[in-house]
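Here are my notes on the model, point by point. Please read them with the structure open.

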Amino acid sequence: MIEKGGKYPTITDFCEKAGISKSVLYKNYPDDAKKIQERRDSRLHKKRKLSPVAKPRGAENLKIAVEQNKLLFIETQRIEKELQQAKDKIAKLEEQLVHLNKTETKNQLLLTGFDFLIRELQMKGVVEERIRTIWKSFENNILPVVEGKNHASK
């Protein structure tokens, strides 16, 4: 079976055909076990292409690989720097958001207070024209705590 052509048996195939266990083959017939394995390996290696990792490398290929490695390292550093800049920008934006939220709360308190003042003035009989003048002054000097906010719809 080993010497003849045809099928390339595995150790398991050979042991089954011979009616013995693998341990018996390896212990009592080490040369035959080696021949079976060599024949099987030679068949597999003739048809199988070597992977890029298994292929022998010349000095030129090694230089290319080293250069590619350097370029990848530089690119990695660049990306890490950009990532850190993005994280810093996000942190600043989050700080601004907190500040804007606090300012919005202050704006709401101011509007509530001003609404109360307007109602009190109306109850005291202050004329509408005087209330509009007070509103314009409030809107121009006090209310725009946040740039771009406009509560002129009142």
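**Notes on the predicted model**

1. The protein exposes about 13,000 Å², and carbon and sulfur atoms supply 56% of that area. Accessible areas come from the Shrake-Rupley method with a 1.4 Å probe; for residues, only the protein chains shown count as cover.

2. On provenance: this is a predicted model, where local features need pLDDT of at least 70 and side-chain atom pairs count only at pLDDT 80 or more, while totals for chains, interfaces and linings use all residues. Residues are numbered from 1 along each chain as its sequence is written, and side-chain values use heavy atoms, with hydrogens and water left out.

3. The secondary structure comes to five helices and zero strands. Read from the N terminus, the elements run α-α-α-α-α. Helices (H or I, at least four residues) and strands (E, at least two) are DSSP runs, numbered from the N terminus.

4. Of the 154 residues of the protein, 14% count as buried. Buried means under 20% relative accessible area, exposed means over 50%, and partly exposed lies in between (1.4 Å probe, protein chains only).

5. Among contacts (heavy atoms within 4.5 Å) between residues at least 6 apart in sequence, 52% join residues at least 24 apart.

6. Which residues form a nonpolar patch on the surface? They are Leu71, Phe73 and Ile74, with about 330 Å² of accessible area together. Patches are made of residues with over 30% relative accessible area and no salt bridge; like charges are joined within 9 Å, nonpolar side chains (Val, Leu, Ile, Met, Phe, Trp, Tyr) within 5 Å. Phe73 sits in helix H4 (residues 59-123). Phe73 counts as exposed because its relative accessibility is 52%.

7. Now the charged pairs. Side chains of opposite charge can pair when their charged atoms come close. A salt bridge here is a side-chain nitrogen of Lys or Arg within 4 Å of a carboxyl oxygen of Asp or Glu. By this rule the count is two salt bridges.

8. Glu75 forms a salt bridge with Arg78, with the closest N and O atoms 2.4 Å apart. Both lie in helix H4, three residues apart, about one turn of the helix. Glu75 counts as partly exposed because its relative accessibility is 33%. Arg78, at 39%, also counts as partly exposed.

9. Arg78 and Glu82 meet in a salt bridge through their side chains (2.3 Å, N to O). Arg78 and Glu82 both lie in helix H4, four residues apart, about one turn of the helix. Salt bridges that share partners join Glu75, Arg78 and Glu82 into one network. Glu82 is partly exposed, at 42% relative accessibility.
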